[in-house]
Amino acid sequence: MTKVLINERLIEEKDANVAYNDRGYVFGDGIYEYIRVYDNHPFTANAHFERLLRSAKEIGLELNYTVNGFIELVRELIAANGVVNGGVYIQVTRGTAPRDHAFPTPSVKANITAFTKTYDRPYKLLEEGINAVTTEDIRWLRCDIKSLNLLGNVLAKEYAVKYNAQEAIQHRGETVTEGSSSNVYAIKDGVIYTHPINNYILNGITRMVIKEIAQEKGVSFKEETFTLDFLKNADEVLVSSTSIEVMPVVKLNGEAVGDGKVGPITKSLQEGFNRYIDTHS
(Lines give C-alpha, C1' and ligand atoms only; values in the text may rest on other atoms or scores of the structure.)
Protein backbone atom coordinates (compact mmCIF):
# COMPACT_ATOMS: atom_id res chain seq x y z
CA MET A 1 0.00 0.00 0.00
CA THR A 2 1.15 3.54 -0.78
CA LYS A 3 2.40 5.44 2.25
CA VAL A 4 1.91 9.14 3.05
CA LEU A 5 3.88 11.15 5.56
CA ILE A 6 1.82 12.93 8.21
CA ASN A 7 3.90 14.64 10.92
CA GLU A 8 6.76 12.11 10.96
CA ARG A 9 4.41 9.12 10.70
CA LEU A 10 4.13 6.97 7.60
CA ILE A 11 0.51 5.91 7.20
CA GLU A 12 -1.46 4.24 4.45
CA GLU A 13 -2.79 6.62 1.81
CA LYS A 14 -6.41 5.59 2.42
CA ASP A 15 -6.09 6.65 6.07
CA ALA A 16 -4.40 10.00 5.39
CA ASN A 17 -6.32 13.18 6.23
CA VAL A 18 -5.79 16.68 7.57
CA ALA A 19 -7.91 18.79 9.92
CA TYR A 20 -10.61 21.03 8.45
CA ASN A 21 -9.09 24.02 10.29
CA ASP A 22 -5.50 23.45 9.25
CA ARG A 23 -4.22 26.91 8.31
CA GLY A 24 -2.88 25.58 5.01
CA TYR A 25 -6.42 24.62 4.07
CA VAL A 26 -8.25 27.75 5.22
CA PHE A 27 -5.61 30.41 4.44
CA GLY A 28 -2.96 28.81 2.24
CA ASP A 29 -0.74 29.61 5.21
CA GLY A 30 2.20 27.38 4.46
CA ILE A 31 5.07 26.47 2.19
CA TYR A 32 6.13 23.52 0.08
CA GLU A 33 8.84 21.90 -2.01
CA TYR A 34 8.86 19.34 -4.78
CA ILE A 35 11.95 17.14 -5.03
CA ARG A 36 12.76 14.97 -8.02
CA VAL A 37 13.79 11.35 -7.49
CA TYR A 38 16.29 9.70 -9.84
CA ASP A 39 17.38 6.11 -9.21
CA ASN A 40 15.86 6.07 -5.71
CA HIS A 41 17.72 9.25 -4.65
CA PRO A 42 16.26 12.71 -3.91
CA PHE A 43 17.94 15.06 -6.39
CA THR A 44 19.47 18.34 -5.13
CA ALA A 45 17.69 17.75 -1.83
CA ASN A 46 19.98 20.02 0.17
CA ALA A 47 19.17 23.01 -2.03
CA HIS A 48 15.44 22.28 -1.87
CA PHE A 49 15.32 22.13 1.90
CA GLU A 50 17.58 25.14 2.32
CA ARG A 51 14.98 26.98 0.25
CA LEU A 52 12.15 25.52 2.34
CA LEU A 53 13.75 26.82 5.52
CA ARG A 54 14.24 30.22 3.89
CA SER A 55 10.55 30.30 2.92
CA ALA A 56 9.63 29.38 6.50
CA LYS A 57 11.73 32.24 7.84
CA GLU A 58 10.20 34.71 5.39
CA ILE A 59 6.67 33.97 6.62
CA GLY A 60 7.59 33.72 10.30
CA LEU A 61 6.99 29.97 10.50
CA GLU A 62 9.06 28.33 13.24
CA LEU A 63 10.39 24.88 12.38
CA ASN A 64 12.41 22.59 14.62
CA TYR A 65 13.96 20.84 11.64
CA THR A 66 17.29 20.93 9.89
CA VAL A 67 17.98 20.29 6.22
CA ASN A 68 19.26 16.82 7.11
CA GLY A 69 16.17 16.15 9.20
CA PHE A 70 13.90 16.87 6.25
CA ILE A 71 16.05 14.78 3.92
CA GLU A 72 15.79 11.82 6.28
CA LEU A 73 11.98 12.08 6.31
CA VAL A 74 11.90 12.16 2.51
CA ARG A 75 14.31 9.23 2.17
CA GLU A 76 12.11 7.12 4.44
CA LEU A 77 9.04 7.95 2.35
CA ILE A 78 10.83 7.17 -0.93
CA ALA A 79 11.99 3.83 0.44
CA ALA A 80 8.57 2.96 1.86
CA ASN A 81 6.93 3.50 -1.54
CA GLY A 82 9.74 1.99 -3.60
CA VAL A 83 10.07 5.08 -5.80
CA VAL A 84 12.82 4.64 -8.39
CA ASN A 85 12.02 7.61 -10.64
CA GLY A 86 9.46 10.22 -9.71
CA GLY A 87 9.12 12.91 -7.10
CA VAL A 88 8.20 13.89 -3.57
CA TYR A 89 5.82 16.71 -2.64
CA ILE A 90 6.24 18.01 0.90
CA GLN A 91 4.37 20.88 2.53
CA VAL A 92 4.46 22.58 5.89
CA THR A 93 1.57 24.64 7.29
CA ARG A 94 1.41 26.91 10.33
CA GLY A 95 -0.66 24.23 12.03
CA THR A 96 -4.18 23.52 13.20
CA ALA A 97 -6.02 26.32 15.02
CA PRO A 98 -9.37 28.13 15.15
CA ARG A 99 -9.85 30.27 12.07
CA ASP A 100 -8.35 33.70 12.66
CA HIS A 101 -6.23 35.71 10.22
CA ALA A 102 -3.58 36.51 12.84
CA PHE A 103 -1.01 33.87 13.78
CA PRO A 104 -2.22 31.50 16.53
CA THR A 105 -1.36 32.74 20.03
CA PRO A 106 0.21 30.83 21.59
CA SER A 107 1.75 29.27 18.50
CA VAL A 108 0.81 25.73 17.50
CA LYS A 109 2.95 22.99 16.04
CA ALA A 110 3.45 23.09 12.28
CA ASN A 111 1.86 20.32 10.22
CA ILE A 112 4.07 18.44 7.77
CA THR A 113 2.65 16.25 5.02
CA ALA A 114 4.31 14.55 2.07
CA PHE A 115 3.51 12.10 -0.70
CA THR A 116 5.31 10.55 -3.65
CA LYS A 117 4.66 10.18 -7.36
CA THR A 118 6.22 7.69 -9.75
CA TYR A 119 6.92 8.71 -13.36
CA ASP A 120 9.70 8.77 -15.92
CA ARG A 121 11.58 11.70 -17.34
CA PRO A 122 9.75 13.61 -20.16
CA TYR A 123 12.08 12.35 -22.89
CA LYS A 124 9.80 13.04 -25.86
CA LEU A 125 9.09 16.63 -24.87
CA LEU A 126 12.75 17.25 -24.06
CA GLU A 127 13.67 16.11 -27.56
CA GLU A 128 10.87 17.85 -29.48
CA GLY A 129 10.07 20.88 -27.31
CA ILE A 130 6.78 22.35 -26.11
CA ASN A 131 4.34 25.13 -26.95
CA ALA A 132 3.95 28.15 -24.68
CA VAL A 133 1.72 31.21 -24.49
CA THR A 134 2.23 34.53 -22.75
CA THR A 135 -0.08 35.99 -20.13
CA GLU A 136 -0.09 38.83 -17.61
CA ASP A 137 1.47 37.99 -14.25
CA ILE A 138 -1.32 38.59 -11.70
CA ARG A 139 0.37 36.98 -8.69
CA TRP A 140 1.31 38.60 -5.40
CA LEU A 141 4.63 40.41 -4.88
CA ARG A 142 6.49 37.72 -2.92
CA CYS A 143 6.99 35.10 -5.60
CA ASP A 144 10.39 34.32 -4.05
CA ILE A 145 8.53 32.49 -1.28
CA LYS A 146 7.41 29.00 -2.29
CA SER A 147 4.04 29.37 -0.61
CA LEU A 148 0.83 27.40 -0.93
CA ASN A 149 -0.91 30.42 -2.50
CA LEU A 150 -0.87 29.20 -6.10
CA LEU A 151 -4.19 30.37 -7.52
CA GLY A 152 -2.49 32.82 -9.89
CA ASN A 153 -0.23 30.03 -11.13
CA VAL A 154 -3.21 27.70 -11.52
CA LEU A 155 -5.11 30.25 -13.62
CA ALA A 156 -2.05 30.85 -15.80
CA LYS A 157 -1.54 27.12 -16.37
CA GLU A 158 -5.21 26.67 -17.25
CA TYR A 159 -4.87 29.54 -19.74
CA ALA A 160 -2.03 27.60 -21.39
CA VAL A 161 -4.12 24.43 -21.52
CA LYS A 162 -6.98 26.36 -23.12
CA TYR A 163 -4.67 27.27 -26.01
CA ASN A 164 -3.14 23.79 -26.36
CA ALA A 165 0.15 24.84 -24.77
CA GLN A 166 2.16 23.18 -22.02
CA GLU A 167 3.28 26.36 -20.25
CA ALA A 168 2.24 29.97 -19.72
CA ILE A 169 5.07 32.51 -19.66
CA GLN A 170 4.09 35.41 -17.43
CA HIS A 171 4.94 39.09 -17.70
CA ARG A 172 4.41 42.22 -15.60
CA GLY A 173 3.72 44.88 -18.17
CA GLU A 174 6.38 44.29 -20.83
CA THR A 175 8.82 42.53 -18.48
CA VAL A 176 8.93 38.74 -18.63
CA THR A 177 9.05 37.16 -15.17
CA GLU A 178 8.64 33.36 -15.13
CA GLY A 179 6.35 30.54 -16.15
CA SER A 180 3.30 29.34 -14.27
CA SER A 181 5.47 26.56 -12.84
CA SER A 182 8.92 27.24 -14.29
CA ASN A 183 11.74 29.70 -14.78
CA VAL A 184 12.11 31.25 -18.26
CA TYR A 185 15.18 31.86 -20.43
CA ALA A 186 15.64 33.68 -23.73
CA ILE A 187 18.78 32.93 -25.75
CA LYS A 188 20.04 35.53 -28.20
CA ASP A 189 23.36 35.61 -30.05
CA GLY A 190 24.78 32.87 -27.85
CA VAL A 191 23.84 34.55 -24.56
CA ILE A 192 21.33 33.17 -22.02
CA TYR A 193 19.09 35.78 -20.42
CA THR A 194 16.85 35.15 -17.41
CA HIS A 195 15.08 37.32 -14.87
CA PRO A 196 17.28 38.29 -11.89
CA ILE A 197 16.60 36.83 -8.46
CA ASN A 198 14.22 39.11 -6.57
CA ASN A 199 10.69 39.06 -5.21
CA TYR A 200 9.11 38.66 -8.68
CA ILE A 201 10.36 35.11 -9.28
CA LEU A 202 11.24 31.93 -7.45
CA ASN A 203 14.92 31.05 -7.43
CA GLY A 204 14.48 27.65 -9.04
CA ILE A 205 16.78 24.81 -8.05
CA THR A 206 17.00 23.68 -11.68
CA ARG A 207 17.75 27.31 -12.56
CA MET A 208 20.76 27.13 -10.22
CA VAL A 209 21.96 23.97 -11.93
CA ILE A 210 21.54 25.50 -15.40
CA LYS A 211 23.57 28.53 -14.32
CA GLU A 212 26.34 26.24 -13.09
CA ILE A 213 26.30 24.22 -16.32
CA ALA A 214 26.41 27.37 -18.46
CA GLN A 215 29.40 28.67 -16.52
CA GLU A 216 31.22 25.35 -16.91
CA LYS A 217 30.59 25.45 -20.65
CA GLY A 218 31.68 29.07 -20.98
CA VAL A 219 28.22 30.23 -22.08
CA SER A 220 27.31 33.76 -20.98
CA PHE A 221 24.48 33.67 -18.41
CA LYS A 222 22.98 37.12 -17.82
CA GLU A 223 20.54 37.61 -14.96
CA GLU A 224 18.70 40.68 -16.15
CA THR A 225 15.19 41.57 -17.20
CA PHE A 226 14.03 41.32 -20.79
CA THR A 227 10.85 42.27 -22.61
CA LEU A 228 8.12 40.36 -24.36
CA ASP A 229 9.45 41.64 -27.67
CA PHE A 230 12.92 40.31 -26.83
CA LEU A 231 11.41 36.94 -25.91
CA LYS A 232 9.46 36.75 -29.16
CA ASN A 233 12.60 37.48 -31.18
CA ALA A 234 14.91 35.14 -29.28
CA ASP A 235 16.94 32.50 -31.11
CA GLU A 236 15.97 29.92 -28.48
CA VAL A 237 13.57 29.87 -25.53
CA LEU A 238 13.51 27.36 -22.74
CA VAL A 239 11.81 26.86 -19.39
CA SER A 240 13.00 24.83 -16.44
CA SER A 241 11.67 23.24 -13.28
CA THR A 242 12.14 20.19 -11.09
CA SER A 243 9.55 18.25 -13.12
CA ILE A 244 10.32 19.35 -16.69
CA GLU A 245 14.10 19.78 -16.31
CA VAL A 246 15.64 21.80 -19.21
CA MET A 247 12.63 22.11 -21.51
CA PRO A 248 12.82 23.72 -24.98
CA VAL A 249 10.02 26.03 -26.12
CA VAL A 250 9.69 25.68 -29.90
CA LYS A 251 6.46 27.60 -30.37
CA LEU A 252 5.31 30.79 -28.61
CA ASN A 253 1.79 32.15 -29.05
CA GLY A 254 1.41 29.96 -32.11
CA GLU A 255 4.61 31.24 -33.77
CA ALA A 256 7.84 29.29 -34.19
CA VAL A 257 10.72 30.19 -31.90
CA GLY A 258 13.80 30.58 -34.11
CA ASP A 259 13.61 27.85 -36.73
CA GLY A 260 11.02 25.96 -34.69
CA LYS A 261 13.47 23.31 -33.56
CA VAL A 262 15.42 22.69 -30.37
CA GLY A 263 18.46 24.96 -30.54
CA PRO A 264 22.14 24.13 -30.00
CA ILE A 265 22.59 25.92 -26.67
CA THR A 266 19.49 24.27 -25.25
CA LYS A 267 20.79 20.87 -26.39
CA SER A 268 24.14 21.61 -24.77
CA LEU A 269 22.45 22.53 -21.48
CA GLN A 270 20.36 19.34 -21.64
CA GLU A 271 23.49 17.28 -22.15
CA GLY A 272 25.09 18.99 -19.18
CA PHE A 273 22.00 18.40 -17.08
CA ASN A 274 22.06 14.70 -17.92
CA ARG A 275 25.65 14.51 -16.70
CA TYR A 276 24.71 16.46 -13.59
CA ILE A 277 22.01 13.89 -12.78
CA ASP A 278 24.49 11.05 -13.24
CA THR A 279 27.02 12.63 -10.88
CA HIS A 280 24.62 13.97 -8.23
CA SER A 281 22.11 11.13 -7.83
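Predicted model: local features only at pLDDT ≥ 70, side-chain atom pairs only at ≥ 80, totals over all residues.
**Exercise 1. Describe the lining of the largest cavity by residue, by element and by class.**

Solution. Step 1: list the residues. The lining consists of Arg36, Tyr38, Phe43, Thr44, His48, Ile205, Thr206, Ser241, Thr242, Glu245 and Phe273. Step 2: look for elements that give two or more residues to this lining; they are β3 (30-38) and α6 (205-217). Step 3: sort by class. The lining of the largest cavity has 4 nonpolar, 5 polar and 2 charged residues.

**Exercise 2. State the volume of the second largest cavity, and find which element gives the largest share of its lining.**

Solution. Step 1: the volume of the second largest cavity is about 40 Å³. Step 2: its lining is made up of Asp235, Glu236, Val237, Pro248, Val249, Val250, Val257, Lys261, Val262, Gly263 and Thr266. Step 3: two or more of these residues come from each of β13 (236-241) and β14 (245-252). Step 4: β14 gives the largest share, with 3 residues. Step 5: by class, the residues of this lining divide into 6 nonpolar, 2 polar and 3 charged.

**Exercise 3. Describe the largest pocket: its volume, the residues nearest its centre, and the elements and classes in its lining.**

Solution. Step 1: the largest pocket has a volume of about 950 Å³. Step 2: 39 residues line this pocket, and those nearest its centre are Tyr32, Lys146, Ser180, Ser181 and Ser182. Step 3: the elements that give two or more residues to the lining are β3, α2 (45-58), α5 (151-162), β9 (175-179), α6 and β13. Step 4: by class, the lining of the largest pocket divides into 15 nonpolar, 16 polar and 8 charged residues.

**Exercise 4. Give the volume of the second largest pocket, and say which residues lie nearest its centre.**

Solution. Step 1: about 310 Å³ of space lies in the second largest pocket. Step 2: of the 15 residues that line this pocket, Glu62, Leu63, Val108, Lys109 and Ala110 lie nearest its centre. Step 3: the classes in this lining are 8 nonpolar, 3 polar and 4 charged residues.

Terms used: Residues numbered from 1 in each chain as written. Heavy atoms only, no water. 1 Å grid on protein atoms, 1.4 Å probe; cavity = no way out; pocket = protein on both sides within 12 Å on 5 of 7 lines; lining within 4 Å. Helix = DSSP H or I, 4+ residues; strand = E, 2+ residues; numbered from the N terminus. Nonpolar A, V, L, I, M, F, W, Y, C, P; charged D, E, K, R; others polar. Points joined across faces, edges and corners; volume = space filled by probe spheres on them.
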